[in-house]
Amino acid sequence: PATPRASPPASPPAGGFAPNEERWERRSRRKHEDECEARLLAKYGGKRFVDEEMGYTICDENLEWIEGEWCVLAHRDGTPEDDFDAYVINTELRRMIAETPQRPRRAAAARRSGA
């Protein structure tokens, strides 16, 4: 009988977010270094997700170092701009992001610049 093969990794969805934890990411989440924060921000910054029927957008300017690991800061839709909730970067966060339609990156940048 034929031996089953492992499935190839899934392609990123149309929004471009692959919900898998990349090799570099596992190490970077637990290193309190600027380079690690920058790489994680490049992947997660500006992404949207829904948690318990509430929409959130992840801050694209900085992360928060909490109890030995980087966490994203997420702004809940309809709340003051400086009101953030911290979310651990894990499988559940990646799943929520992958399931949520994303805005184009240019639109996010234009909002920040006031355009």
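I'm calling a residue buried under 20% relative accessible area, exposed over 50%, and partly exposed in between (1.4 Å probe, protein chains only).

Housekeeping. This is a predicted model, so I note that local features need pLDDT of at least 70 and side-chain atom pairs count only at pLDDT 80 or more, while totals for chains, interfaces and linings use all residues. Residues are numbered from 1 along each chain as its sequence is written, and side-chain values use heavy atoms, with hydrogens and water left out.

Salt bridges. My criterion is a side-chain nitrogen of Lys or Arg within 4 Å of a carboxyl oxygen of Asp or Glu. I count 10 of them in the structure. Helices (H or I, at least four residues) and strands (E, at least two) are DSSP runs, numbered from the N terminus.

Glu25 and Arg94. I looked this pair up and found a salt bridge, with the closest N and O atoms 3.5 Å apart. It links distant parts of the chain, helix α1 for Glu25 and helix α3 (residues 91-98) for Arg94, 69 residues apart. Both Glu25 and Arg94 are buried.

Lys43 and Glu22. Here the closest N and O atoms of the salt bridge are 3.2 Å apart. Lys43 sits in helix α2 (residues 34-44) and Glu22 in the segment before α1 (23-28), 21 residues apart. Lys43 counts as buried because its relative accessibility is 11%; Glu22, at 31%, counts as partly exposed.

Arg48 and Asp77. Their side chains meet in a salt bridge, 3.2 Å from N to O. Arg48 is in strand β1 (residues 48-51), Asp77 in the loop between β4 (69-76) and β5 (84-88), 29 residues apart. I get 12% relative accessibility for Arg48, so Arg48 is buried, and 34% for Asp77, which is partly exposed.
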